[in-house]
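Dear colleague,

My notes on what was found in it follow.

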Amino acid sequence: MVSNAASAASGAVLGQYQAATGGGAASEASSASTSQVSSPVKRKKPARDPAEIERSNLVNICKLVVKELLEQSVRYGRMLDSDHLPLQHFFIVIEHVLGHGLRTKKGLLGPRKELWDLLQCVETYCPEAQDITASVRDLPTVRTHIGRARAWLRIALMQKKLADYLQALIEHREDALYDYYEPHALMMSDEIVIIMGILVGLNVIDCNLCVKEEDLDSQQGVIDFSLYLRSSSRNNDIEEENQQQQQQQQIYHPLP
């Protein structure tokens, strides 16, 4: 059973993304309904699995956020701090990626499962992660499990080890992830390979995050998707302009 709090939070993020992009199940249902009215001969497409839609949306959100994060890092050529908006958005997204399909507890009487518990398992496969875990445990300003998980993710990113540590969990999926995730979870699916490829690209950025000064126990903010949609539109305009220039060059300088 997926945690009610995690499902509500993840649903809110995915709902924002669907509203901003016009995607998701609602868009598909509307498209199918319109298709039936205009072309009665066509059969209605079978509805996609809601979990599949959630995974697809999370992957697309992660692509948009990381793309903007990398572009701004290269554009400004400076170390990123906690006030950097795309970086804040990234941590919101990665938290939802790791929280998707997370079990609430093992069995009816088992202990509650927390993301922090899973991240502590990394040191089993990567002994060097013990330093991060020990540092997070000693943080005096963090009191909740989710706050410790957020601190761990930030330190791992600063050390450029986030992709390696999460990859270690995936490589030991049967041992590390089975007890923590439902079968439909993103971490248990083939799409997680795409996420890992995206995270590897973050090793080129430099971050300076003071986790002691951040309020990591409180609810995180929301993502303004208009930032990434504008960025995507701007990139498309640049590509079209480059194509037009290439066509003009071919006109004035025809190939032999």
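In these notes, a residue is called buried when its relative accessible area is under 20%. By that criterion, helix α9, which spans residues 162-171, is mostly covered, with 7 of its 10 residues buried. These are Leu 162, Ala 163, Tyr 165, Leu 166, Ala 168, Leu 169 and Ile 170.

Please bear in mind that the model is predicted. The average pLDDT of the chain is 79, and 70% of the residues score at least 70.

The largest nonpolar core comprises 63 residues. Phe 90, Ile 94, Trp 152, Leu 166, Tyr 181, Ile 195 and Leu 199 have the most contacts inside it. Two or more residues are given to this core by each of α3 (50-76), α4 (85-99), α5 (115-120), α7 (130-137), α8, α9 and α11 (192-200). The greatest contribution, 8 residues, comes from α4. Leaving aside residues up to four places away in sequence, Phe 90 touches Val 65, Val 66, Leu 69, Leu 157, Leu 162, Leu 199 and Leu 202.

The loop between α8 (145-158) and α9 contains Lys 160. Lys 160 has a positive phi of about 60°, although it is not a glycine. Most residues other than glycine have a negative phi. Lys 160 is partly exposed, with a relative accessible area of 30%.

With kind regards

How values were computed: Residues are numbered from 1 along each chain as its sequence is written. This is a predicted model: local features need pLDDT of at least 70, side-chain atom pairs count only at pLDDT 80 or more; totals for chains, interfaces and linings use all residues. Side-chain values use heavy atoms; hydrogens and water are left out. Buried means under 20% relative accessible area, exposed over 50%, partly exposed in between (1.4 Å probe, protein chains only). Helices (H or I, at least four residues) and strands (E, at least two) are DSSP runs, numbered from the N terminus. A nonpolar core is a set of buried Ala, Val, Leu, Ile, Met, Phe, Trp, Tyr and Cys residues joined through side-chain atoms within 4.5 Å. Contact means heavy atoms within 4.5 Å. pLDDT is the predictor's confidence in each residue, from 0 to 100.
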